[in-house]
Structures are given as structure tokens and as C-alpha cells.
Amino acid sequence: MIDKEQQAELRAKFNPDGSDLRKMQLRMLEMLKYIDKICRENDIKYWLSSGTCLGAIRHGGFIPWDDDVDIEMCKKDYKKLIDILKKQNNDYKLQDHSQDNEYLAPYAKLRDTKSYLKESNTNDIHYKYRGIYIDIFCIEPSSSLWIFKLTSIIQYRFIYSLAKIKNNVLRKVLIFLLFPSITKIIYPFFSLLSKYNSNKWFRHIPGSGFFKRRHRQDFDIILKVPFEDTFLPVPKESDSYLKRLYGESYMCLPPLDSIKPHISKIMFFE
């Protein structure tokens, strides 16, 4: 973990108390606590992933400039969590294609309904829910990077491109025809192929677009580490996990002038 003085300097530069980014991070922290409670009560194994895991290990919480949260889990736990979140009735809403037919990603989000954000891309322009979110990723056995890249090409060139169609009727008809065909037939077929001889290697489910693989030994056991004012789960072998994602020097800070946020606008309703 970086030293407290350096962390304080980064906080002052990127997310001082009272800033929109810090308020956003604190809202995401409450959402994380909500998911963590559900997972503990229902025996669902999950862990902080990608940049959120890096933040936990390197910063003891959010990376000071981070404006999103990622968690991941295996498919059995993912399905269980999604089923539970669908039944909840509060200020957080599950967002997947079954809950929002304009949402086209293969992974789910938990959305805060008391905020609004605009992302730097345009994939979300027709979404039903557009508040602060947590990305909920599902991983599965994967032996083939080639298969995974092929599904990502399909996702970006065919599925995500549908969101850019301005004619509402045409867009909705094409989504109705193409989305189930690709996600319920083509992607499961590729998953089955990639599962063969995977040797305990995992990747996100088809179409997710994130290529780096994980090994079961990294996340087979999880442990809780400090994250802001609480403790949250990370892979026990977080060192090898993060090296696979970010390389040997993951504990080093990137050039600070190269940092680009995902979010271009944020509003809070409460």
C-alpha cells in the first residue's frame, strides 16, 4: 500500500472531500456495502475486481481518480445474486437486459436511482436507469483468447452498434431480433467450446470485452481487506491476480496527466 502522505496528496488532487467525485465514491461505497450484505446473507462468493481490487490493495480504498466499481464472481453465484437483486425494492435497481431492454451489455449493473451520470461513450443513451452504478461481472472457464476476442467483435460491431440507431422502432425491432439470437445461442455455443481444456483458467463471459484471464488458484480463496471505512473481499492471491491484469508494476502509479475519467457529468438528487 502506498504511504499515507502520498495518498493524502492524491486525495487532495483528485477527490477531496465535498467534490463530486468523492460524493460519487461514497455513494458507490454504500452500494458495495449493500451488495456485500446480500452476498454474506446468501452465501454468495464475490470479490472486488480489476481497478477496485487494485484500489483496495494499493490505496486501501478507491483509487483517488476512480469513478466506477467492479466486482466479479463465478456463474453460479452470479445467477444467484441476479435473481435476488431482481426482487429487491429500494433505491437500487438491477440493470440487465431482462430489466431494461435497451441495456445491451452481457454483464449486469446495480444502479442508484437518486443520481444521474453521463458516460463518455454513448452506449447508455437509451438506458432506463442512468444513475451511479456498480458493474457486476461473471467469469467462466476459458481456454481460448481467440474465441473471446471473436465474441467481443460481435458485441461491439453488432450489439452495441444498435444503440446508435436513432429510429426508435427500428432500433427496438433489431434489438428484439438480434440480442436473444446472439446472447442465448451464439455466446453459449462459444462458452461451451472455450470451456474444453480450460485448465482452471477463467475469463469474463462472452462479449464482455475484457481480455485478461484469471486463474482459479488466485480467487479460490478470498479474504477481506480494508476498503475505506469497511472490509471487503479480494482474491487471497491478489498479487498474482493483479499482475495478470496490470503487470509486474501494478503498485506503481500511472502518469497522473494521462488519467481520463469514464464520467463526463454527474448529478445527485439526494
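Start by selecting serine 50, which is buried, with a relative accessible area of 13%. Keep in mind that you are looking at a predicted model. Serine 50 sits in helix α3, and its phi is near 50°, a positive value in a residue other than glycine.

Next, show all of helix α3 (residues 50-59) together with helix α8 (residues 238-246). Two packed helices are described by the angle between their axes and the distance between the axes. Here the axes come within 11 Å and cross at roughly 130°, so α3 is oblique to α8. The crossing of this pair, α3 and α8, is left-handed.

From α3, pick Ser50, Gly51, Cys53, Leu54 and Ile57; they meet Ser238, Tyr241, Leu242, Leu245 and Tyr246 of α8. Colour this contact by residue class and you will find 7 nonpolar residues, 3 polar and no charged.

Move on to the strands. Select β6 (residues 133-141) and β7 (residues 201-204): they run antiparallel, joined by 3 bridges. Within this pairing, look for isoleucine 139, which stands opposite histidine 204 in β7. Tryptophan 201 faces you next, standing opposite histidine 215 in β8.

For the last stop, jump to glutamate 228, in the loop between β9 (222-227) and β10 (230-235). Is glutamate 228 buried or partly exposed? Glutamate 228 is partly exposed, with a relative accessible area of 28%. Its phi is near 55°, again a positive value in a residue other than glycine.

Definitions and conventions: Residues are numbered from 1 along each chain as its sequence is written. This is a predicted model: local features need pLDDT of at least 70, side-chain atom pairs count only at pLDDT 80 or more; totals for chains, interfaces and linings use all residues. Side-chain values use heavy atoms; hydrogens and water are left out. Two strands pair if DSSP finds at least two bridges between them. Helices (H or I, at least four residues) and strands (E, at least two) are DSSP runs, numbered from the N terminus. Axes are lines fitted to C-alpha atoms, for helices over the stretch in contact, and angles run from 0 to 180 degrees between N-to-C directions. Angles under 35 degrees count as roughly parallel, over 145 as roughly antiparallel, 65 to 115 as roughly perpendicular and the rest as oblique. A crossing is left-handed if the near helix is turned anticlockwise from the far one by less than a right angle, and right-handed if clockwise. Contact means heavy atoms within 4.5 Å. Ala, Val, Leu, Ile, Met, Phe, Trp, Tyr, Cys and Pro count as nonpolar, Asp, Glu, Lys and Arg as charged, and the others, Gly among them, as polar. Buried means under 20% relative accessible area, exposed over 50%, partly exposed in between (1.4 Å probe, protein chains only).
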